[in-house]
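This briefing goes through one chain by topic.

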Amino acid sequence: MSGRHAVLYDPRGLIEAELPLDRAPHEALVTAVLAWKDPDLEPRDYEQIALQLTGHARAVAADVRRHAAALPKSDGRGALAEVVLREAHGRLSTPLEGTARCVQNRARLVRALYTRLDRLTEPLPAAT
């Protein structure tokens, strides 16, 4: 492979929208992290796990944002998604720490974003 690279200009996020989330391994990571009782890792290991979860949380948040934007204004799921996205933005803007608490907070955020994404993508029950 050469040392050259290309920079893609994608202001509307179309390339990202076409890439599916790699959900299974991240859900497994979230489950493992939240099961920790008293882990004894080096701070740099916690930081690496937190970075992985942070990057994935940003990708899931982008997916939530896209799905919410496609909903009609009268659909309450969009408003709930905005609340979750504001919370996610606030939590993602805090600096990473090399602690289990930080990693577990990022794992909880990924779980909350996936919960919201699932609710946005499930079909609405038929009106009777």
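**Helix packing and core**

Helices α3 and α4 pack with their axes 10 Å apart, at an angle of about 155°. An angle over 145 degrees counts as roughly antiparallel, and that makes α3 roughly antiparallel to α4. The model is a predicted one. Its chain holds five helices and zero strands, and the order of elements from the N terminus is α-α-α-α-α.

**The chain overall**

- The chain has 128 residues, of which 30% are buried.
- Among contacts in the chain with a separation of 6 or more, 75% are between residues 24 or more positions apart.

**α3 with α4**

- The crossing of these two helices, α3 and α4, is left-handed.
- On the α3 side, the contact is made by Thr54, Ala57, Arg58, Ala61, Val64, Arg65 and Ala68.
- On the α4 side, Gly78, Ala81, Leu85 and Leu92 make the contact.
- By class, the residues of the contact of α3 with α4 are seven nonpolar, two polar and two charged.

**α3 with α5**

- The axes of α3 and α5 are 9 Å apart, and the two helices pack at an angle of about 20°.
- Angles under 35 degrees count as roughly parallel, and α3 and α5 are therefore roughly parallel to each other.
- The crossing of α3 and α5 is left-handed.
- The contact of α3 with α5 divides into 19 nonpolar, four polar and three charged residues.

**α2 with α3**

- Helices α2 and α3 pack at an angle of about 130°, and their axes are 11 Å apart.
- The angle makes α2 and α3 oblique to each other.
- The crossing of α2 and α3 is left-handed.
- From α2, the residues that make the contact are His26, Leu29, Val30 and Val33.
- From α3, they are Ile49, Gln52, Leu53 and His56.
- The contact of α2 with α3 has five nonpolar and three polar residues, and no charged residues.

**The largest nonpolar core**

- The largest nonpolar core has 26 residues, and Leu53, Val64, Val103 and Leu113 touch the most other members.
- Two or more residues of this core come from each of α2 (23-34), α3 (43-69), α4 (76-92) and α5 (100-121).
- Helix α5 gives the largest share of this core, ten residues.
- Leaving aside residues up to four places away in sequence, Val103 touches Val33, Trp36, Tyr46, Ile49, Ala50 and Leu53.
- Of the residues that Val103 touches, Val33 is also part of the contact of α2 with α3 on the α2 side, and Ile49 and Leu53 are part of that contact on the α3 side.
- Val64, one of the core residues that touch the most other members, also takes part in the contact of α3 with α4.

**Arginines in the helices**

- Arg77 is placed in helix α4.
- The relative accessibility of Arg77 is 15%; buried means under 20%, so Arg77 counts as buried.
- Between Arg77 and Leu120 there are 6.5 Å in space, C-alpha to C-alpha, although they are 43 residues apart in sequence.
- Arg65 is in helix α3.
- With a relative accessible area of 42%, Arg65 is partly exposed.
- The C-alpha to C-alpha distance of Arg65 and Gly78 is 8.7 Å, and the two are 13 residues apart in sequence.
- Both Arg65 of α3 and Gly78 of α4 are among the residues of the α3 and α4 contact.

**Loop residues**

- Ala35 is found in the loop between α2 and α3.
- The relative accessible area of Ala35 is 48%, and Ala35 is partly exposed.
- Ala35 and Gln104 are 69 residues apart along the chain, and their C-alpha atoms are separated by 9.2 Å.
- Thr99 sits in the loop between α4 and α5.
- Thr99 counts as partly exposed, at 29% relative accessibility.
- A separation of 9.6 Å lies between the C-alpha atoms of Thr99 and Pro39, which are 60 residues apart along the chain.

How values were computed
Residues numbered from 1 in each chain as written. Predicted model: local features only at pLDDT ≥ 70, side-chain atom pairs only at ≥ 80, totals over all residues. Heavy atoms only, no water. Core = buried A, V, L, I, M, F, W, Y, C linked by side-chain atoms within 4.5 Å. Buried < 20%, exposed > 50% of the residue type's maximum accessible area, 1.4 Å probe, protein only. Helix = DSSP H or I, 4+ residues; strand = E, 2+ residues; numbered from the N terminus. Contact = heavy atoms within 4.5 Å. Axes fitted to C-alpha atoms, helices over the stretch in contact; angles between N-to-C directions. Parallel < 35°, antiparallel > 145°, perpendicular 65-115°, else oblique. Left-handed = near helix turned anticlockwise from the far one by under 90°. Nonpolar A, V, L, I, M, F, W, Y, C, P; charged D, E, K, R; others polar.
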